[in-house]
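Please open the structure in your viewer and keep the sequence beside it, so that each stop below can be selected in turn.

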Amino acid sequence: MKINVSEIKRSHGLSQRLRLEDWGSVAELELTAPLVVDLKLTNVGSRILVEGNLQTRVRVACSRCAGDCDEWLDVRVDEQFLPQDSPELPRGEDLDFEQLSLFTYENDVIEIDEVIRQNLVASLPCRPLCAEACKGLCARCGANLNEKACECEAEPRLDPRWGPLAELQDRAQSGTV
Ligand SMILES: [Zn+2]
Ligand SMILES: [Zn+2]
């Protein structure tokens, strides 16, 4: 989505609001609710400050059972745009602008999609869970233990010499070690 900032570029302190609610699409992400954008673009001198909020829901894979889980995201945005030809821009062959947390724009037009994508991706949970009590997959047979109990527990196929280790692992999993 392109936003023309020529109006607010006229004078320091001018700002404009970007509000929308849209199903849209964000690269890499599967949205399961409309994306709600509420951003304010402000001329802060040589830069355009973009701040506000993004809200949506995304589908991710549960970190225990790999099943679908929907996560609500509510992201605070605070980014800065510099004109492509700004003398303030660090120069160099392999500068990573994403790391510097700086964006550039050309011809008074700000491309907001990348800001939205980066902010949503950065706020994805590291270990999403479909439910707090998700039982995950059986490490031996791969059964989804939320759906059925497998029989691995009842008939351990382990070499008895591994017994102490398995016991240790069980205790580690139940959090007593
Ligand atoms: Zn799960
Ligand atoms: Zn099993």
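Residues are numbered from 1 along each chain as its sequence is written, and chains are lettered from A and ligands numbered from 1 in the order in which they are written.

**The whole chain.** Colour the chain by pLDDT, the predictor's confidence in each residue, from 0 to 100; the mean is 87, and 81% of the residues reach 70 or more. Among the elements, β3 has the highest mean pLDDT (97), whereas helix α1 (residues 97-100) has the lowest (59). Where pLDDT is low, the predicted coordinates should not be read in detail. With a cartoon display you can follow 3 helices and 7 strands, which are DSSP runs numbered from the N terminus (helices H or I, at least four residues; strands E, at least two). Along the sequence they follow the pattern β-β-β-β-β-α-β-β-α-α.

**The sheet.** Select β2 to β6 next: these 5 strands form an open sheet in the order β2-β3-β4-β5-β6, with mixed pairing, where two strands pair if DSSP finds at least two bridges between them. β2 and β6 (102-105) stand at the edges with a single partner strand each, so one side of each is left without a neighbour in the sheet.

Now look at β5 and β6, which run parallel and are joined by 4 bridges; here P83 has Y105 in β6 as its bridge partner, and L82 stands opposite T104 in β6.

**The core.** Which residues have the most contacts inside the largest nonpolar core? They are L41, I48 and I110, in a core of 16 residues, to which β3, β4 (48-61), β5 (68-83) and α2 (113-122) each give two or more. Such a core is a set of buried Ala, Val, Leu, Ile, Met, Phe, Trp, Tyr and Cys residues joined through C-beta atoms within 7 Å. Centre on I110, which touches I3, V5, L41, I48, F81 and Y105, not counting residues up to four places away in sequence.

**A loop residue.** Finally, select L29, in the loop between β2 (15-22) and β3 (35-43). Is L29 buried or partly exposed? L29 is partly exposed, because 18 other C-beta atoms lie within 10 Å, and a residue is buried at 20 or more, exposed at 12 or fewer, and partly exposed in between, with C-beta atoms placed from the backbone. Leaving aside neighbours within four places in sequence, L29 is in contact (C-beta atoms, placed from the backbone, within 7 Å) with V58 and L120.

Terms used: This is a predicted model: local features need pLDDT of at least 70, side-chain atom pairs count only at pLDDT 80 or more; totals for chains, interfaces and linings use all residues. Two residues are in contact if their C-beta atoms, placed from the backbone, lie within 7 Å.
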